[in-house]
Amino acid sequence: MPQDSLLINNKAKEQHTYDAIVIGTGISGGWAMKELTEKGLKVLALERGGNIQHIKDYDTASMNPWDMPHRGSLTGKFTGENPILSRAGVVDEFTTKMFLNDKQHPYIQDKPFDWIRGYHVGGRSLMWGRWTQRWGEADFEANAKEGIGIDWPIRYKDIAPWYSYVERFAGISGNRDGLAQVPDGEFLPPFEMTKLELYLKQKIEANFPGRNLIISRTANLSISTDLHTSLGRSHCQARNLCSRGCPFGAYFSTQSATLPAAMKTKNLTLQTNAVVHSIIYDGQKQKATGVRVIDAASKKMTEYYARIIFVNAGSINSNLLLLNSTSQRFPNGLGNDSGVLGQYVMTHNYRVSATATYEGMEDSYYYGRRPTGVYLPRFRNFGNDKRNDFKRGYAMACSTFRQGWGAGNNSEGIGAAYKERLTEPGPWAFWGVAMGEMLPYKDNHVWLDKNERDSWGIPLLHTDIRWHENEDRMAGDAAEQMHEMLEKAEFKNIRTRDNHQAPGRDIHEMGGCRMGSDPKDSMLNRWNQLHAVNNVFVTDGACMTSSACQNPSLTYMALTARACDYAVSELKKTNL
Ligand SMILES: Cc1cc2nc3c(=O)[nH]c(=O)nc-3n(C[C@H](O)[C@H](O)[C@H](O)COP(=O)(O)OP(=O)(O)OC[C@H]3O[C@@H](n4cnc5c(N)ncnc54)[C@H](O)[C@@H]3O)c2cc1C
């Protein structure tokens, strides 16, 4: 090879070399970018989707239904073409741009699985529901105590300071409730419960010892501290239009919080439309040396190099990426000596919901649109409330509200009398959903097809995930208990329903690359580091060893910040 081309190649390699690469810019990738850059590392963040610029690109943020071609509703054409996304019930005409269409990135459902994604800078941090309860001690101990799956290699005390750390930065509002199931954190003032919720709380707590109703902890700034305002964030306006993107930066997202913090350091290079194909493993060095990236549009492949790699592509995509990172040393996926990569995938069971009405309290109303609801932490198989028919438990997310106006949004009418009727709020109503823990099962797995590939030449992913008997039994109990609690509180028209929806619609997929102490049955050690490739860290939901029933993203944030701290200290000791 001529000398000058060698020189050119060397320069290219140098230009493509960073201290760290972060794959994915969603909730967990955002934290990795922030922590690693703030600790002085030069970081390349790779995002397969395009950019959504904070504020500028939230084009529907202040639109009203009458500004939209279909008044905010999805059309029959859209729902027909996107059955998976439409079923999720979280997308409307204002937010379609945030979500991936069904056809854009297909996968093969061996059993029905609704995979709800957003491929753009910020990932699903832009559309998430922002409910942020900590895990408790019991959640980290349950696997070992019950002989289910494998033991977590960490306990609550290991993660507690990191929960505090991420809560302070993200801005979590909540009440200090003193409950072991969902330990208290570093909270901003809570949003208020409605009069009916306070009444329901009192009825539940009086009639069902061990059960509590609290305001949900949420990643919305009820007030903004200096830390938040320094990033351009201000307090929540109670519009509850969060998933369109918030022009006030009032809820935590990559765009509002971790990205500006990382940008401030001037250590971040953010590359969009960069589809990470696989991680490069060097058998001689016994380390990962970089990643192969396909340009989303040109399909051209480029390599980038770094000393450490953080995998934050969103649980299932992180599994896909590791499975696709094969080498002579790792023919079944990077770090997959144990063979468990892709197995023990979990979601949450959101099949059971309840509606009811309440007669009375019509002199009471609420102001603004609260961006959260009320939360009934898990009570089953906790304390003295033992069940023989299923393991673990479920929490409930609920809210109460005045139905529409007048006789309701859909009431019939015309003219002045109808308009007059609309000035009065309708009766009180209740809505709630049970959020059940799913156990880790070996047969709930994802794997790569040997023949079929996507437009970027990456093998298509098979999803083979189903509910087992434990989830079915738990769902039955949740429906009964919701009914009983509402009945005791003298609600009317109580309807509970198990819609038997497929796993995935909860949008809390986890596992497949679980943490554990033993490399024989786990992928990651207590620092989220691949047992077999110590400069690769997986800190999104793929790392989860069990699923608990709390909304999981706060735990991904804390694990990511903790792993970054460890990775940088190991780098300094030249151990990586
Ligand atoms: C409507 C909705 C409501 C939710 N409510 C809550 C809630 O209340 N509480 C809670 O805790 N969680 C909630 N979640 C879930 C939460 O959004 C996710 O747990 C969280 O976003 C996961 O963070 P992540 O970083 O792992 O993945 P994501 O946020 O999904 O980000 C992954 C990123 O990686 C990118 N990527 C994927 N593959 C590649 C590749 N090969 N190369 C380069 N980039 C790649 C994606 O484009 C994406 O930007 C909700 C989600 C939705 C959609």
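Predicted model: local features only at pLDDT ≥ 70, side-chain atom pairs only at ≥ 80, totals over all residues.
**Exercise 1.** Determine the exposure of K386 and state how far its C-alpha atom is from that of K492.

*Solution.* Step 1. K386 is placed in the loop between β13 and β14 (394-402).

Step 1. With 8 other C-beta atoms within 10 Å, K386 is exposed.

Step 2. K386 and K492 are 106 residues apart along the chain, and 29 Å separates their C-alpha atoms.

**Exercise 2.** Describe the surroundings of V446 and of S546.

*Solution.* Step 1. V446 is part of strand β16 (residues 445-453), whereas S546 is in the loop between β20 (536-538) and α13.

Step 1. The cut-off for a buried residue is 20 or more other C-beta atoms within 10 Å. V446 has 28 of them and is therefore buried; S546, with 26 C-beta neighbours inside 10 Å, also counts as buried.

Step 2. Neighbours within four places in sequence are left aside. V446 then contacts I316, N319, G342, V345, L461, H462, T463 and G512, while S546 contacts A142, N143, G149 and P440.

Step 3. V446 and L323 are 123 residues apart in the chain, with their C-alpha atoms separated by 9.4 Å. For S546 and Y58, 488 residues apart in the chain, the C-alpha separation is 35 Å.

**Exercise 3.** Characterise the packing of α2 against α13 and against α9.

*Solution.* Step 1. Two packed helices are described by the angle between their axes and the distance between the axes. For helix α2 (residues 27-38) and helix α13 (residues 553-572), the axes come within 9 Å and cross at roughly 30°. Angles under 35 degrees count as roughly parallel, so α2 is roughly parallel to α13.

Step 1. This crossing of α2 and α13 is right-handed. On the α2 side the contact involves I27, S28, W31, A32, E35 and L36, and on the α13 side S553, Y556, M557, T560, A561, C564, D565 and V568. The contact comprises 9 nonpolar, 3 polar and 2 charged residues.

Step 2. The axes of α2 and α9 are 7 Å apart, at an angle of about 25°; these helices are therefore roughly parallel to each other. Their crossing is left-handed.

Step 3. From α2, G30, W31, M33, K34, T37 and E38 meet T254, T258, L259, A261 and A262 of α9. By class, this contact holds 5 nonpolar, 4 polar and 2 charged residues.

**Exercise 4.** What is the angle between α6 and α13, and how far apart are their axes?

*Solution.* Step 1. Helix α6 (residues 156-170) packs on α13 at about 105°, and the axes are 8 Å apart. Since the range of 65 to 115 degrees counts as roughly perpendicular, α6 is roughly perpendicular to α13.

Step 1. I159, W162, Y163, Y165, V166 and A170 of α6 meet L554, M557, A558, L559, A561 and R562 of α13. This contact has 11 nonpolar residues, no polar ones and 1 charged.

**Exercise 5.** Which residues come nearest to the ligand?

*Solution.* Step 1. Among the 39 residues around the ligand, the nearest are G24, G26, G123, G129 and S553.

Step 1. Two or more residues of the shell come from each of α2, β8 (274-282), α10 (315-323) and α13.

Step 2. By class, the shell has 17 nonpolar, 17 polar and 5 charged residues.

Terms used:
Residues numbered from 1 in each chain as written. Helix = DSSP H or I, 4+ residues; strand = E, 2+ residues; numbered from the N terminus. Buried ≥ 20, exposed ≤ 12 C-beta atoms within 10 Å, placed from the backbone. Contact = placed C-beta atoms within 7 Å. Axes fitted to C-alpha atoms, helices over the stretch in contact; angles between N-to-C directions. Parallel < 35°, antiparallel > 145°, perpendicular 65-115°, else oblique. Left-handed = near helix turned anticlockwise from the far one by under 90°. Nonpolar A, V, L, I, M, F, W, Y, C, P; charged D, E, K, R; others polar. Near = placed C-beta within 6 Å.
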